[in-house]
Amino acid sequence: MRHRKPRYARPRRSPPGSPPGLLAVDPAAAPPRLSLMRYGPAGLAEIADPAPEDLAPRPGEIVWLNVAGLGDAALLQRLAGIFGLHPLAMEDAVSHHQRPKFEDYERHHFIVLRMPDPGDARFSAEQVALCLGEGFVVTFQERPGDVFDPVRARLRNPASALRGHGADRLAHALVDAVIDAYFPVLERLGERIEALEDIVVADPGPDRIAAIHAIRHELMAIRGAIWPTRDLLSAMMRDDSDRIGAQTRVYLRDCQDHAFQLLETLETYREVAAGLVELHLSSQSNRMNEVMQVLTLIATIFIPLTFIAGVYGMNFDPDAGRFAMPELRWAWGYPVVMAAMAVIAGLLVLWFRRKGWLGRR
Amino acid sequence: MRHRKPRYARPRRSPPGSPPGLLAVDPAAAPPRLSLMRYGPAGLAEIADPAPEDLAPRPGEIVWLNVAGLGDAALLQRLAGIFGLHPLAMEDAVSHHQRPKFEDYERHHFIVLRMPDPGDARFSAEQVALCLGEGFVVTFQERPGDVFDPVRARLRNPASALRGHGADRLAHALVDAVIDAYFPVLERLGERIEALEDIVVADPGPDRIAAIHAIRHELMAIRGAIWPTRDLLSAMMRDDSDRIGAQTRVYLRDCQDHAFQLLETLETYREVAAGLVELHLSSQSNRMNEVMQVLTLIATIFIPLTFIAGVYGMNFDPDAGRFAMPELRWAWGYPVVMAAMAVIAGLLVLWFRRKGWLGRR
Amino acid sequence: MRHRKPRYARPRRSPPGSPPGLLAVDPAAAPPRLSLMRYGPAGLAEIADPAPEDLAPRPGEIVWLNVAGLGDAALLQRLAGIFGLHPLAMEDAVSHHQRPKFEDYERHHFIVLRMPDPGDARFSAEQVALCLGEGFVVTFQERPGDVFDPVRARLRNPASALRGHGADRLAHALVDAVIDAYFPVLERLGERIEALEDIVVADPGPDRIAAIHAIRHELMAIRGAIWPTRDLLSAMMRDDSDRIGAQTRVYLRDCQDHAFQLLETLETYREVAAGLVELHLSSQSNRMNEVMQVLTLIATIFIPLTFIAGVYGMNFDPDAGRFAMPELRWAWGYPVVMAAMAVIAGLLVLWFRRKGWLGRR
Amino acid sequence: MRHRKPRYARPRRSPPGSPPGLLAVDPAAAPPRLSLMRYGPAGLAEIADPAPEDLAPRPGEIVWLNVAGLGDAALLQRLAGIFGLHPLAMEDAVSHHQRPKFEDYERHHFIVLRMPDPGDARFSAEQVALCLGEGFVVTFQERPGDVFDPVRARLRNPASALRGHGADRLAHALVDAVIDAYFPVLERLGERIEALEDIVVADPGPDRIAAIHAIRHELMAIRGAIWPTRDLLSAMMRDDSDRIGAQTRVYLRDCQDHAFQLLETLETYREVAAGLVELHLSSQSNRMNEVMQVLTLIATIFIPLTFIAGVYGMNFDPDAGRFAMPELRWAWGYPVVMAAMAVIAGLLVLWFRRKGWLGRR
Amino acid sequence: MRHRKPRYARPRRSPPGSPPGLLAVDPAAAPPRLSLMRYGPAGLAEIADPAPEDLAPRPGEIVWLNVAGLGDAALLQRLAGIFGLHPLAMEDAVSHHQRPKFEDYERHHFIVLRMPDPGDARFSAEQVALCLGEGFVVTFQERPGDVFDPVRARLRNPASALRGHGADRLAHALVDAVIDAYFPVLERLGERIEALEDIVVADPGPDRIAAIHAIRHELMAIRGAIWPTRDLLSAMMRDDSDRIGAQTRVYLRDCQDHAFQLLETLETYREVAAGLVELHLSSQSNRMNEVMQVLTLIATIFIPLTFIAGVYGMNFDPDAGRFAMPELRWAWGYPVVMAAMAVIAGLLVLWFRRKGWLGRR
């Protein structure tokens with residue numbers, strides 16, 4: 001196996017040809033940590049490691065079970081049995097690198113999202129699967145740590161409107177929290193792009209192109225996470241079952257609006273990043289021009305002068321005849337030659353200045 | 001926090017995970033300044049700081065309340081109560097960077113537009129939200145100063161057709177005013193592009209690429225403002241409520257036509273701007289060629305001559321033998337060598353002229 | 001105001017915020033010249049400056065009123081009154097830079113086209129607006145001079161099928177004449193592109209890029225005129241009023257076919273023009289390579305030779321010792337050194353020839 | 001008129017403004033050569049120059065009239081009369097450069113195809129128009145010579161299934177023959193692209209770019225011929241008249257599949273051709289780098305050495321003082337200087353080797 | 001015929017114009033090897049070389065006949081007769097280079113897939129055709145060796161769910177196995193792209209561009225295989241016959257999801273590969289800059305020094321006058337000149353360092 005972390009996400013799956021619906025748990029996955037919130041207009045109960053009898057939904061109450069870590073196939077199978085989750089949904093929940101999607105099974109809706117890791121400098125996301133059924137929401141995360149704390153805070157607040165609504169509103173709140181978590185990610189990325197823009201002009205080099213490509217790749221990864229989320233929300237709003245209430249649909253429209261905003265910002269960033277490549281090319285080419293101009297100026301001025309010096313370094317014998325370099329014996333020969341050289345150099349400098357080449361050095 | 005103004009608009013939102021419909025007023029926002037126009041076929045009343053009892057719509061009259069500045073959550077809540085505005089609409093009205101959109105709520109339509117700032121040299125836009133309900137239009141702007149003065153003038157004109165129609169015609173007039181405000185913006189941008197085109201040829205350099213990119217970015221920003229406006233108008237024309245009359249729809253079609261015109265002009269500008277990059281590259285490359293040709297000409301002519309001078313600067317002793325540089329002692333040695341050099345230089349110049357390199361210097 | 005003609009068409013409109021339907025006549029526009037053709041199976045009457053009573057359509061006859069020049073608002077208003085033309089249509093008819101479109105108003109259809117100026121070397125087009133109503137066609141042109149003469153000739157021909165049909169066939173004939181007028185325009189443009197292609201290879205330079213861009217811009221302008229015409233024709237064929245007969249629709253399909261042909265030719269030209277940029281870049285780069293190769297060859301051959309000449313120009317005293325340049329005193333020293341130089345030069349030339357650099361000079 | 005053949009196909013039409021349906025025969029067109037096949041389950045009759053009474057379809061028999069050459073308007077009008085062909089169809093049949101299309105007229109279907117010339121090294125195509133009516137197929141070609149011989153052979157074979165079916169199957173067989181004729185065309189083009197790829201690396205130059213562009217242009221032309229054929233087949237399969245039987249539709253689907261295969265191959269070739277441009281650019285740039293490196297190596301090594309030689313060529317008088325070039329008089333001066341030069345040259349070569357520049361020469 | 005394997009897949013077909021439905025067997029194709037699996041809830045029978053009477057489907061049992069090798073037209077015709085396969089389907093099954101597709105014939109569904117060869121370093125695929133009928137699945141492969149072994153293993157497992165379902169589930173399992181086989185192919189390709197990325201920076205050259213192009217071409221080929229598979233699955237899920245059960249459709253949706261994942265990964269790889277071209281260009285350009293900078297530095301420093309040395313190598317006679325190079329006779333002349341040279345070289349180095357050119361060497 002490869003030991004380096006691959007640079008580009010590669011799809012992973014259960015072994016080719018294995019039967020669909022197989023719960024192929026990644027052996028390296030963290031053991032599940034369960035946490036339950038059971039609430040209704042009457043009150044809220046939080047249970048850290050719920051027993052099976054705590055899990056089953058009860059009338060008039062909403063159950064939110066969060067499963068962080070997907071390393072125990074038997075436990076997951078048991079949970080699937082309690083809530084009536086479809087084997088294909090469970091298979092997707094445990095296999096990473098699913099694309100965000102919405103699917104309706106007989107007994108529950110199934111939503112896959114990519115949740116950005118707010119702590120990372122570079123964009124990284126883990127998969128969150130959400131099952132929305134009659135009176136319950138079950139969420140599966142790859143590992144503990146998520147962006148759901150504000151939702152938990154709202155549930156804990158007795159005055160929150162969230163408590164008075166059904167499981168569909170909780171599902172919306174969770175989806176909304178995931179989408180909102182992309183805003184600070186894009187904010188940071190925007191700052192990095194601006195910083196890179198300054199560097200590219202100041203000091204072009206192949207490292208810069210690599211940095212631009214890294215950013216473009218992050219943009220692709222974020223787009224790959226948000227783009228299908230938009231379709232997911234459309235599918236949720238179009239859903240013809242009665243699991244999602246009319247009022248929740250209005251809120252989902254709002255949610256989709258945020259997804260659109262994110263996508264437009266991404267589009268802008270993509271164009272800016274594409275422009276960075278051109279900027280880099282131009283900077284490189286400009287630096288090359290500068291170097292060439294210096295060479296040209298120095299060489300063009302000194303080459304004729306050196307030739308003249310070479311001529312007067314020839315060893316023709318001035319005694320050999322009238323035209324055999326008599327100037328070597330003239331008293332003013334040397335000063336005149338030096339002056340001629342100065343005049344030539346001056347004329348060349350003037351010519352360069354008129355060409356605008358000196359001003360640009 | 002960053003103190004520099006970010007170069008690329010970044011989406012901003014209420015804190016991630018906060019409940020939707022929260023009126024998250026920007027603490028730096030200006031305090032609202034209200035102005036009311038109440039009119040009907042009978043007449044027009046303008047009230048600068050209307051009291052709550054002035055606000056409520058009355059039968060047979062149209063109320064236009066303009067709110068400039070969004071810094072007072074309590075006041076905005078009160079206004080929402082009076083006109084029956086939906087919490088999600090209010091949330092969108094106060095948060096900047098919404099994309100232009102049209103939404104229908106139970107008691108009113110909700111329109112978001114981006115209004116260009118006509119005074120700015122570079123394109124900048126503020127958000128305008130418009131609520132169109134039964135007998136009223138409420139507009140929310142980020143700050144005082146807008147493009148609605150011609151609409152106000154038409155309302156003040158007793159002969160204006162606008163007075164005799166419903167709130168939908170007023171809404172159209174306001175949307176139309178915003179779209180029309182983009183025409184001078186594009187006019188100015190077109191002039192800047194032409195000016196830049198001349199500069200790029202005359203003096204290429206990495207600054208030019210940066211300027212081209214700035215313009216491309218402005219084009220993207222304007223497109224991002226107008227493109228969804230087109231969809232907004234389609235949605236308004238398709239709207240199946242009776243809040244928008246058949247005649248107003250004809251006028252909206254006209255309005256959409258203008259949006260199309262703007263988008264086509266933008267498309268042309270985008271292609272021209274993309275062409276500028278190529279033009280710049282070609283200019284840079286051409287300048288480089290010029291520099292190289294001068295170096296080549298000078299070097300190519302003088303290198304052989306300098307070599308000859310070097311040969312006759314060798315210190316072989318002419319006394320050593322018959323073939324040991326006897327020419328150094330010849331009376332015509334020096335003139336012959338100088339003439340040979342002149343001939344060689346002349347031949348090279350001729351050759352260059354035939355190659356077409358001298359003509360292009 | 002700017003006195004230079006802008007290079008890129010910029011949308012113009014009535015002052016922002018002015019009421020729609022305002023007849024904002026351009027003060028610089030030419031005064032209208034009216035010409036009327038009134039015909040039916042029975043005969044044809046041509047009236048150069050028709051009186052108002054000549055204008056009104058009469059049963060069994062078709063009236064074609066051509067208005068060339070849009071500088072008289074009062075007259076245009078009067079005409080609109082006679083034919084029942086909608087204010088929005090009139091506004092569009094007098095404002096230049098409308099995009100081609102088809103609109104149906106209650107009492108007439110309204111068509112905007114861009115008519116190419118057949119006399120111009122570069123593509124330029126003026127706006128033609130056409131109102132098709134019950135028994136009449138009114139056309140508005142910016143100035144006298146059009147592509148309708150063949151239609152007039154057909155009307156004057158008593159045997160022409162055109163006389164026996166309704167106003168819809170006349171409208172088709174006029175639209176068809178406008179579309180056909182683009183064929184010679186593209187023919188000329190094709191010739192210019194081919195000529196430019198030859199020049200780009202022979203003599204690349206930044207002027208060429210500018211010329212390529214000018215052509216690309218013309219292609220964009222032509223496309224901007226034809227593309228919406230295609231939609232216009234679709235809308236006409238789909239039109240559910242009975243103003244356009246079934247047989248005319250068959251002819252419109254033929255007409256649309258021509259628009260498709262034009263668009264495909266344009267698409268080809270666009271790709272060819274895009275290829276010209278690459279060709280230009282390659283030519284430029286090749287010319288640079290040629291120059292560099294000459295420099296390299298000359299320099300590479302003479303630099304070592306000059307070094308050798310420099311060595312034997314050193315002033316070490318051969319009397320100082322056994323190894324202090326004794327060759328300066330050898331009788332064969334000079335010939336041997338010269339021969340060595342010739343050998344070195346020959347070897348270098350051979351090496352260059354094997355590298356294929358001499359063959360490409 | 002231009003005497004050179006234009007490089008890019010330009011649309012041609014009857015003179016602008018002429019009435020539609022005019023049979024504008026190209027005066028340079030070949031005179032028509034008619035050939036008739038009349039067949040049924042009973043047998044087959046082939047008539048080379050059929051008389052008018054041979055042409056009319058008879059019940060229980062299928063007539064295929066092939067018209068090669070379009071230079072006789074009167075004859076074509078007569079044929080149109082016999083088979084009831086629509087004037088617009090006839091106009092399209094005789095005017096070259098129609099795009100492939102399917103149209104249904106009252107009395108017949110009308111199909112335009114572009115038939116590749118199998119003998120040409122470069123892609124060229126002539127127009128084939130096909131009228132499919134009740135019991136007859138009429139085909140119009142620009143000139144004799146076509147790809148229909150296998151269809152003729154099948155008709156002559158008494159056992160062929162084709163004989164037992166209607167005119168729709170014959171039309172399918174002809175369309176299929178035209179589409180299949182593109183396969184060898186693409187095969188040859190693929191070989192030319194591969195050959196060009198090898199040449200571009202071995203010997204880049206502006207000729208190569210021209211060759212790449214020629215191939216891209218051929219690809220465009222082929223795509224322009226096949227792309228609309230795909231739509232044509234869709235339209236035929238969707239056709240709601242009963243002229244095309246259910247079984248023939250299954251065969252048309254097969255035919256469309258071949259069109260799809262051709263288009264995918266074209267798409268691949270287009271990407272490969274686009275890649276050739278990059279390859280060419282890289283080759284050119286690499287060749288330039290090679291040249292520059294040779295210059296740099298030679299110059300960099302000899303410039304310091306020549307300087308040293310220059311220093312010891314200075315004419316300071318060693319008698320003038322202790323520090324006035326006493327080394328000129330040292331017995332080991334010359335060998336030491338020569339050794340120093342060798343050492344410097346060696347160090348530079350080593351440095352270049354470490355930089356990896358010598359290995360790439 | 002060509003003996004080199006063509007680099008780009010070229011479509012192949014039966015000879016142009018041949019009747020459709022002709023079983024044109026490739027003479028070079030391998031002779032068919034048949035293997036049969038007949039199963040039901042009761043048990044499984046595997047027959048290696050089944051006799052004709054073994055083949056026919058029996059009620060309550062599912063038959064899977066796998067035909068590996070397509071070189072025997074008579075046998076294939078016989079099989080088509082037994083299972084009632086349509087001639088067009090058979091023609092497609094034996095002709096390579098069909099694009100993946102789904103077609104429904106009267107008596108069976110017909111599916112074409114491209115199966116990747118898992119053993120190959122470079123992507124290569126063979127065609128698999130699958131006929132799904134009442135109680136049977138027949139698969140045709142170009143040659144023995146496939147990705148179906150996991151499916152066979154599941155059939156051999158008495159506990160497998162596959163045994164209890166109909167032929168549609170078997171067809172799904174086979175299609176799923178083919179799609180899953182692309183995951184390791186993309187995994188390997190991802191590794192090759194990363195490796196190439198490192199090489200491009202370290203050692204740019206035209207070979208790299210060729211390698212990038214080879215990878216881009218592989219990406220195109222894989223995309224050409226998967227893209228239509230997605231449509232195929234959509235068509236299967238939309239299929240309105242009852243050959244595909246509701247439960248199988250849920251599994252097909254899962255299958256389509258995998259196809260989407262593959263396509264997204266491909267899209268990412270395509271963008272990365274496009275970025276590699278830019279990276280290569282930048283590396284090449286950077287290497288050129290490096291070389292030029294070394295030349296410039298060395299030349300710029302030594303050219304003035306060499307000129308000075310040249311001046312003092314001039315043979316003016318110091319005896320000729322006061323200004324005729326008296327410094328040649330000064331005791332400190334030589335040291336002063338040498339020091340001046342050192343100062344000039346030092347100043348130039350300083351200037352270069354301030355320009356940032358030395359730091360980048």
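This is a predicted model: local features need pLDDT of at least 70, side-chain atom pairs count only at pLDDT 80 or more; totals for chains, interfaces and linings use all residues.
## Overall shape of chain A

Chain A holds nine helices and seven strands. Its radius of gyration is 36 Å, well over the 21 Å that the globule rule gives for 361 residues, so chain A is more spread out than a compact globule. Along the principal axes, the C-alpha atoms fill a box of roughly 125 × 45 × 35 Å.

In chain A, 44% of the 361 residues count as buried. Among contacts with a separation of 6 or more, 69% join residues 24 or more positions apart.

Contact between the domains involves four residues of domain 1 and four residues of domain 2. On the domain 1 side, two of these residues are nonpolar and two are polar. No charged residues take part on that side.

## Chains D and E

Two copies of a chain are related by a rotation about an axis and a shift along it. For chain D on chain E, the rotation is 72° and the shift is 0.0 Å, with an RMSD of 0.1 Å. The two copies are thus related as by a five-fold rotation axis. Gly313(D) has the C-alpha nearest the axis in chain D, at 4.7 Å from it.

The interfaces differ between the copies. Only 10% of the interface residues of chain D are also interface residues in chain E, so the copies meet through different surfaces.

Definitions and conventions. Residues are numbered from 1 along each chain as its sequence is written. Chains are lettered from A and ligands numbered from 1 in the order in which they are written. Two residues are in contact if their C-beta atoms, placed from the backbone, lie within 7 Å. Ala, Val, Leu, Ile, Met, Phe, Trp, Tyr, Cys and Pro count as nonpolar, Asp, Glu, Lys and Arg as charged, and the others, Gly among them, as polar. Copies are superposed by least squares on the C-alpha atoms of residues with pLDDT of at least 70 in both. Helices (H or I, at least four residues) and strands (E, at least two) are DSSP runs, numbered from the N terminus. The radius of gyration is taken over C-alpha atoms; the globule rule is 2.2 Å times the number of residues to the power 0.38. A residue is buried if 20 or more other C-beta atoms lie within 10 Å of its own, exposed if 12 or fewer, and partly exposed in between; C-beta atoms are placed from the backbone.
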